[in-house]
Amino acid sequence: MPETRRAQIRSEIERKREEMHRLSDRFGMQSEIVIRISQELDGLLNRYGQLGKVVKM
């Protein structure tokens, strides 16, 4: 993957992290919406990690 894709995913991770913090302040960490956003963030982090493995090979 090109470095630009890694940068795009990093930006998505930061936006999703900020969204999760805002929502957790409003609804609490155990709310369904915060859990869903947390899962989406996990997916982005996994994708980012996989890109790193592909680049190293």
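Me: What makes the pair Glu-40 and Lys-16 a salt bridge?

Reply: Their side chains meet at 2.6 Å, N to O. A salt bridge needs a side-chain nitrogen of Lys or Arg within 4 Å of a carboxyl oxygen of Asp or Glu, so the pair of Glu-40 and Lys-16 at 2.6 Å qualifies. Glu-40 lies in helix H2 and Lys-16 in helix H1, so the pair ties together parts that are 24 residues apart in sequence. Helices here are DSSP runs (H or I, at least four residues), numbered from the N terminus.

A word on the source: this is a predicted model, in which local features need pLDDT of at least 70 and side-chain atom pairs count only at pLDDT 80 or more, while totals for chains, interfaces and linings use all residues. Residues are numbered from 1 along each chain as its sequence is written, and side-chain values use heavy atoms, leaving out hydrogens and water.

Me: Why is Lys-16 called buried?

Reply: Its relative accessibility is 16%. Buried means under 20% relative accessible area, exposed over 50%, and partly exposed in between (1.4 Å probe, protein chains only), so Lys-16 counts as buried. Glu-40, with 29%, is therefore partly exposed.

Me: What else does Glu-40 pair with?

Reply: Arg-36 forms a salt bridge with Glu-40, with the closest N and O atoms 2.7 Å apart. The two are 4 residues apart in helix H2, which means about one helical turn separates them. Through shared partners, salt bridges join Lys-16, Glu-19, Arg-36 and Glu-40 into one network.

Me: How do you know that the length of H1 agrees with its residue count?

Reply: The expected span is 1.5 Å times one less than the number of residues. For the 25 residues of H1 that should give 36 Å, and the end C-alpha atoms are 36 Å apart, so the two agree.

Me: What makes the contact between Arg-6 and Tyr-48 a polar one?

Reply: The side chains of Arg-6 and Tyr-48 are joined at 3.2 Å. A polar contact is a pair of N or O atoms within 3.5 Å; within protein, one must be able to donate a hydrogen and the other to accept it, and residues adjacent in sequence count only if both atoms are side-chain atoms. So the Arg-6 and Tyr-48 pair, at 3.2 Å, falls inside that limit. Arg-6 sits in helix H1 (residues 3–27), and its 14% relative accessibility makes Arg-6 buried.
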